[in-house]
Each structure stands twice: as C-alpha cells, then as structure tokens.
Amino acid sequence: NGILFTKDFATIICFPSNHQFSTFTIPTSVTSIANSAFKECSRLQSIAIPTSVTSIGDAVFEKCCSLQSFNIPTSVTSIGDSAFSCCYNLQSITIPTSVTSIGNSAFSSCENLESITIPTSVTSIGNSAFVCCSSLQSITVEPTNLHFASINGILFTKDFATIICFPSNHQFSTFTIPTSVTSIANSAFNE
C-alpha cells in the first residue's frame, strides 16, 4: 500500500505524508516505529497501534494535524521528543500506566488539547512538554506518582520545588507561586 517497512515488517519506517489513507492500523508484526515515520501526515485521522509496540519515538506523529484522539497501548513505556507536537486538532489522549517517560515538547502546540492526566508510572517529563497548548486548562497527576504532583491543574515536581507547567488556558487570571518553589521550568508560563 505504499508504506515502507523493514523486510521483516518489524519496523514501520515511513508512512508517506500525502498517503490516501485517513485511517490506518499498524500490523501486529510491528515492534517499533521509526522516528518521524508519520510526520506531517495531514490526512491521517485515526491510527491504531498494536500492543507489540513498546515506544513512540521522536516526532513520530508530529504535525498529524487531522488526528483528534489517540489511544496509546499499554505496552508503550516511552513517548519521544515532539512525538505529538503540532497535532493541532488532537482533543484527547490517554497516557497509560505503562509510560515512564514523556519527551521534550512531546505535546507542544496541541492547540485543542484541554486536559491531560499524568499516570503514577511517569518518572520523567521533558522540557516544554505541554508548551503552546492554547486550550489546555488542567494537568492532573495521579496522587500516587512519586515524581510529580498537581495543584489546581498546575504541574509541579512532587516536592513542589519546581513549577513545570501552568496550563495556557488555565482559569486563574492571577496566581501566587507557592513559597516551596525554588525554580521555574523553561516555558512553564509560555502563552
């Protein structure tokens, strides 16, 4: 169907950006998705990833501007840098409890994303992971997470020493940073 794989169909290398498909199911033989494999696939509205895939690499779905929702399978443990960056119409995404790391700018410029929940399993969140998400109202962290926390939808490190992200479309028009905060992450208040 014009989609490039390795010979054993274990890796999807490139889904052409102007491919005719608006929906696509990745074969169960696939265990990895190459960086930028689906980048700028503007026609792609939905994609199904099998549980054989364990990571979503860098820029894999960057600028897939027709994607509206996305289900990450419970087999995935990491979300790469800019993995969903500029998915302008992405409205909802569920991060499963299998994910331990979220890369730099992973969800940057997801302009229609209103909320996101960080599961207990996440131990690292890269710089500017949620920057320029102009509709983002809140970030919720599961209370049992040992590395991150949220108060009123604002993302902090667990010890409340660093403010990581104040959502772009947060309801607060004024905000007092808690006295526990000693550092403010890059782009924490961007937009």
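This is a predicted model: local features need pLDDT of at least 70, side-chain atom pairs count only at pLDDT 80 or more; totals for chains, interfaces and linings use all residues.
Biologist: Why is Glu62 called buried?

Modeller: Its relative accessible area is 13%. Buried means under 20%. So Glu62 counts as buried.

Biologist: What makes Glu62 and Lys39 a salt bridge?

Modeller: Their side chains meet at 3.6 Å, N to O. The cut-off is within 4 Å, from a Lys or Arg nitrogen to an Asp or Glu carboxyl oxygen. The pair therefore qualifies as a salt bridge.

Biologist: What does the pair of Glu62 and Lys39 tie together?

Modeller: Glu62 lies in the loop between strand 6 and strand 7 (69-71). Lys39 lies in the loop between strand 4 and strand 5 (46-48). So the pair ties together parts that are 23 residues apart in sequence.

Biologist: Why is Lys39 called partly exposed?

Modeller: Its relative accessibility is 30%. Partly exposed is the range between buried, under 20%, and exposed, over 50%. Lys39 therefore counts as partly exposed.

Biologist: How many salt bridges does the rule give?

Modeller: The count comes to two. Glu40 and Lys63 also meet in a salt bridge, at 4.0 Å, N to O. This pair links distant parts of the chain, with Glu40 in the loop between strand 4 and strand 5 and Lys63 in the loop between strand 6 and strand 7.

Biologist: How do you know whether Glu40 and Lys63 are buried or partly exposed?

Modeller: Glu40 has 39% relative accessibility. Lys63 has 32%. Buried needs a value under 20%, and exposed needs one over 50%. So Glu40 is partly exposed, and Lys63 is partly exposed.

Biologist: What makes strand 14 (148-151) and strand 17 (183-184) edges?

Modeller: Another open sheet has four strands in the order 14-15-16-17, with mixed pairing. Strand 14 and strand 17 each pair on one side only. Inside that sheet, strand 15 (residues 154-157) and strand 16 (residues 162-165) are joined by two bridges and run antiparallel. Leu155 stands opposite Cys165 in strand 16.

Biologist: What does Ile12 pair with on each side?

Modeller: Phe5 stands opposite Ile12 in strand 2. Ile33, in strand 4, is its bridge partner too. Strand 1 (residues 4-5) and strand 2 (residues 11-14) run antiparallel. Strand 2 and strand 4 (residues 32-33) pair in the parallel sense.

Biologist: How do you know that strand 11 pairs with strand 13?

Modeller: The rule asks for at least two bridges. Four bridges join strand 11 to strand 13. The two strands therefore pair, and they run parallel. Strand 13 has a covered face, Ile139 and Val141, and an uncovered one, Ser138 and Thr140.

Biologist: Which residues touch the most other members of the largest nonpolar core?

Modeller: Phe38, Phe61, Phe70, Phe84, Ile102, Phe107 and Phe130 do, in a core of 50 residues. Strand 11 (115-118), strand 13 (138-141) and strand 16 each supply at least two residues of this core. Apart from it lies another core, of five residues, including Phe156 and Ile163.

Biologist: Why is Gly126 called buried?

Modeller: Its relative accessible area is 16%. The limit for buried is under 20%. Gly126 therefore counts as buried. The residue lies in the loop between strand 12 and strand 13. Beyond its neighbours within four places in sequence, Gly126 is in contact with Ile102, Gly103 and Asn104.

Biologist: Why is Phe189 called partly exposed?

Modeller: Its relative accessible area is 39%. Buried is under 20% and exposed is over 50%. So Phe189 is partly exposed. With Ile177 and Ile184, Phe189 makes a nonpolar surface patch of about 250 Å². Phe189 is placed in the segment after strand 17.

Key. Residues are numbered from 1 along each chain as its sequence is written. Side-chain values use heavy atoms; hydrogens and water are left out. A nonpolar core is a set of buried Ala, Val, Leu, Ile, Met, Phe, Trp, Tyr and Cys residues joined through side-chain atoms within 4.5 Å. Buried means under 20% relative accessible area, exposed over 50%, partly exposed in between (1.4 Å probe, protein chains only). Patches are made of residues with over 30% relative accessible area and no salt bridge: like charges are joined within 9 Å, nonpolar side chains (Val, Leu, Ile, Met, Phe, Trp, Tyr) within 5 Å. Accessible areas come from the Shrake-Rupley method with a 1.4 Å probe; for residues, only the protein chains shown count as cover. Contact means heavy atoms within 4.5 Å.
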